[in-house]
Structure formats: structure tokens, C-alpha cells
Amino acid sequence: MKVKKTKLPENLYHYTDPIKYRMILATGKLLLTPSNLKYDNATLHDEPLFFNGQKIGYKSVDKYENYHPVVWLTANDHAGAKNTGLSNDKIMCRITIRINGKIWRYLPWRTFCDKYNADRSVASTLKQTANDYLNWYVCESEIPVADFAKVEFLAEDGTYKDEKDIPGFALTDIAPELFE
């Protein structure tokens, strides 16, 4: 039986909001998050999310939170809230990651699900939240800022631009109290 070789796209993208991007810069890497391969409704709950000692929101947690954590990525360079399942604020910042043929590092989401026996109901639910799941990839290790090829922000005209190309936009003005 011949094994099918996966061909990676040239770039993958990670979308986030500007405050979380500043947190990424502060830590120097994209951190691992829950893989959502499994979850348990009985233990699912929200916990406060802190950065530099300040509460910045909430995160959902269950007993499977640390079950094969990943960095979520997509091959879609024009992701939107509807096709990715992300909220509108999470598409405000697009980080481009050049793959450089590192097939060992990036897995298509469906391959990852098969590798770790994802709960079928969980995979089905995730697929229903976004019609773009065929473009989803994961990385099972943190991604250092040095691997970023480009970082852009969503401008008012709906296109992604460099921070300096958006009049009046300054990343340092976003939640400065978290970064003092």
C-alpha cells in the first residue's frame, strides 16, 4: 500500500486579536492551547484568564485541557468569522508563518484527529462551526516569533495591512495597562 504524501501550503496563518498579539510578543512565541480533541461537559467551566496580574477575560477549561495541546493554524489567508468559526475580534491580526517544507512540524487537522483518536462528536461539532475546516492545521509545539514571516492587522477597508500602513493605528495604544 502506497502512503499518500501530504503537501503543505507555502504559508500557514494564525489569527488573533491585537491584545493577544501583544501577549504573544511579550512571551516571544505562540503558546499551545487546548486541541479540542476531547472534552467533558461534566467538568467544562470558565476560569479567569490573567496577564501580568490583570484579568483579561475567561477561558473554557475541562479535564481534557492538556490533552495534546496545539497551536491552531489555517491555510486560508482570507479567513473570516463565518468560515473559520472565530469571533470577529480574533481575525483582527493575521500572523503569517512560512513553512519552509517542515512537514514534520505541521499536521492537517483531520490527520491530527486521526492520530489521537478525537471524539467523533467533538470533531463533528467543530466542523459544523466553520465551513473552512479542510484548511485547518495544527502545530504540536510552540511557534517562536522568529518563525513569523509577517504580521498584519485588519484595516477599516477589510484588507490586512502592516501596522505602519494603517493611519492612526498603534499597537502600543491597545491595552497599555497590561504591558506596563
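This short talk walks through a pocket, a helix and some salt bridges in one predicted model.

Some ground rules. This model is predicted, so local features need pLDDT of at least 70, side-chain atom pairs count only at pLDDT 80 or more, and totals for chains, interfaces and linings use all residues. Residues are numbered from 1 along each chain as its sequence is written, and side-chain values use heavy atoms, with hydrogens and water left out.

Let's start with the pocket. Rolling a probe the size of a water molecule over the atoms shows where empty space is left. Here a pocket is an open set of points on a 1 Å grid over the protein atoms alone, with protein on both sides within 12 Å along at least five of seven lines. The largest pocket has a volume of about 1,700 Å³. That volume is the space filled by probe spheres set on the points, which are joined across faces, edges and corners.

Who lines the largest pocket? The lining holds 45 residues, where a lining residue has an atom within 4 Å of a point. Thr33, Pro34, Asn36, Trp72 and Lys90 lie nearest the centre. By type, the lining has 23 nonpolar, 13 polar and nine charged residues.

Helices (H or I, at least four residues) and strands (E, at least two) are DSSP runs, numbered from the N terminus.

Now look at α1. Which of its residues are buried? They are Pro18, Tyr21, Arg22, Met23 and Ile24. Buried means under 20% relative accessible area, exposed over 50%, and partly exposed in between, with a 1.4 Å probe and protein chains only. The buried residues of α1 pack against β1, β2, β3, β4, β6 (93-98) and β10 (148-154). Packing here is contact, meaning heavy atoms within 4.5 Å.

Check both ends of α1. Asp17 caps the N-terminal end, with a side-chain oxygen 3.0 Å from the backbone nitrogen of Ile19. Just after α1, Gly28 takes a positive phi of about 85°.

On to charges. Side chains of opposite charge can pair when their charged atoms come close. A salt bridge puts a side-chain nitrogen of Lys or Arg within 4 Å of a carboxyl oxygen of Asp or Glu. How many salt bridges does this rule give? The count comes to ten.

Take Glu10 and Arg98, with their closest N and O atoms 3.1 Å apart. Glu10 sits in the segment before β1 and Arg98 in strand β6, so the pair ties together parts that are 88 residues apart in sequence. Glu10 is exposed at 58%, while Arg98 is partly exposed at 37%.

Next, Lys29 and Glu142 meet in a salt bridge at 3.3 Å, N to O. Lys29 is in strand β2 and Glu142 in the loop between β8 (136-139) and β9 (143-144), 113 residues apart. Lys29 is partly exposed at 29%, and Glu142 is partly exposed at 34%.

Lys164 also bridges to Asp165, at 3.8 Å between the closest N and O atoms. Salt bridges that share partners join Arg94, Lys150 and Glu152 into one network.

One last stop: Ile103, in the loop between β6 and β7 (106-108). Its C-alpha atom is 37 Å from that of Ala42, 61 residues apart along the chain.

Conventions
On a 1 Å grid over the protein atoms alone, a cavity is a set of points where a 1.4 Å probe fits but cannot get out, and a pocket is an open set with protein on both sides within 12 Å along at least five of seven lines; lining residues have an atom within 4 Å of a point. Ala, Val, Leu, Ile, Met, Phe, Trp, Tyr, Cys and Pro count as nonpolar, Asp, Glu, Lys and Arg as charged, and the others, Gly among them, as polar. A polar contact is a pair of N or O atoms within 3.5 Å; within protein, one must be able to donate a hydrogen and the other to accept it, and residues adjacent in sequence count only if both atoms are side-chain atoms.
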